[in-house]
Amino acid sequence: MRESLEPANINDSNADAGKARKRPRPGERRLQILQVLAEMLQNPKGERVTTAALAAKIEVSEAALYRHFASKAQMFEGLISFIEQTVFGLINQINQKEESGLAQARGILQMLLFFAEKNPGMTRVLLGDALLQEDDRLQERITQVLDRVEASLKQALRIAQTQGGNWGQLGQEEVSIRAAMLMSFVLGRWHRFARSGFKKLPTEASDVSLRLLLSE
């Protein structure tokens, strides 16, 4: 599963040199629209992306955009779906690989930081600032995604709780508090990344930070 929205076929040359396709393959234009939208969200100024600007960037008409998406909100839903599928696919891989609850939590946290670093535009979607002037249901959906991520962290800490050591002495309420604290750390790193114009990387000194946060 790709961790960034970079469709392999969009920029690939045709096997017959000099014979460019006149029309994208089925579904290719839709993917291209999402890719360009994500790229435009990387603007350090955080300006709102309009369908007119998006269409101009792709060199198609606005009407052409709406042949692939019923609304701008549906385009953002496509980005949120990509985030959801990628993030939870990676969480499943981490959980299958690691038996230790603490190792699962550390892996999830590292993945969230790397995902944002690799996808700056998606970071603005995760933080919700790219959705401020859009349909309210988009904010609700990204909130649900983040709640599910926090639940995954909580589950990893509950596994650690059953594996002995100081974590085994924690109560359920403290496990929940620690999961929320870890999620707040991730959100803080994402906010700093976006506010810096994507210059202060979320993974900066992350090993030390995670060791402190997950210490017993």
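The legends below describe close-up views of a predicted model of one protein chain.

**Figure 1. The protein chain as a whole is built from helices.**
The protein chain contains 9 helices and 0 strands, and read from the N terminus its elements follow the order α-α-α-α-α-α-α-α-α. The chain has 216 residues, of which 45% count as buried. Among contacts with a separation of 6 or more, 68% join residues 24 or more positions apart.

**Figure 2. Gln 104 is a buried residue of helix H5.**
Helix H5 spans residues 101-118 and includes Gln 104. Is Gln 104 buried or exposed? Its relative accessibility is 6%, so Gln 104 counts as buried, the cut-off for this class being under 20%. When neighbours within four places in sequence are set aside, Gln 104 touches Ile 94, Asn 95, Glu 98 and Glu 99, and also Ala 156 and Ile 159.

**Figure 3. Glu 134 and Lys 72 form a salt bridge.**
The model holds 9 salt bridges in total. In the one shown here, the closest N and O atoms of Glu 134 and Lys 72 are 3.0 Å apart. Glu 134 belongs to the loop between helix H6 (120-127) and helix H7 (136-162), whereas Lys 72 belongs to helix H4 (residues 72-97); the pair therefore ties together parts that are 62 residues apart in sequence. Both Glu 134 and Lys 72 are buried. These two residues also take part in a network of salt bridges that includes Arg 48.

**Figure 4. A salt bridge joins Glu 84 to Arg 141.**
The closest N and O atoms of Glu 84 and Arg 141 lie 3.0 Å apart. Because Glu 84 is in helix H4 and Arg 141 is in helix H7, this pair ties together parts that are 57 residues apart in sequence. Arg 141 has a relative accessibility of 22% and so counts as partly exposed.

With a relative accessibility of 34%, Glu 174 counts as partly exposed.

**Figure 5. Phe 193 and Phe 198 form an aromatic pair.**
The model has 2 aromatic pairs, one of which joins Phe 193 and Phe 198. How are these two rings, Phe 193 and Phe 198, arranged? The arrangement is edge-to-face, with 5.1 Å from centre to centre and 70° between the planes. Phe 193 is buried, and Phe 198 is buried as well.

**Figure 6. Arg 148 lies over the face of Phe 88.**
In this view, the distance from Arg 148 to the ring centre of Phe 88 is 3.7 Å.

How values were computed
Residues are numbered from 1 along each chain as its sequence is written. This is a predicted model: local features need pLDDT of at least 70, side-chain atom pairs count only at pLDDT 80 or more; totals for chains, interfaces and linings use all residues. Side-chain values use heavy atoms; hydrogens and water are left out. Helices (H or I, at least four residues) and strands (E, at least two) are DSSP runs, numbered from the N terminus. Buried means under 20% relative accessible area, exposed over 50%, partly exposed in between (1.4 Å probe, protein chains only). Contact means heavy atoms within 4.5 Å. A salt bridge is a side-chain nitrogen of Lys or Arg within 4 Å of a carboxyl oxygen of Asp or Glu. Rings of Phe, Tyr and Trp (its six-membered ring) pair if their centres lie within 6.5 Å; planes under 30 degrees apart count as stacked, over 60 as edge-to-face and the rest as tilted. A charge sits over a ring if NZ of Lys or CZ of Arg is within 6 Å of the ring centre and within 35 degrees of the ring normal.
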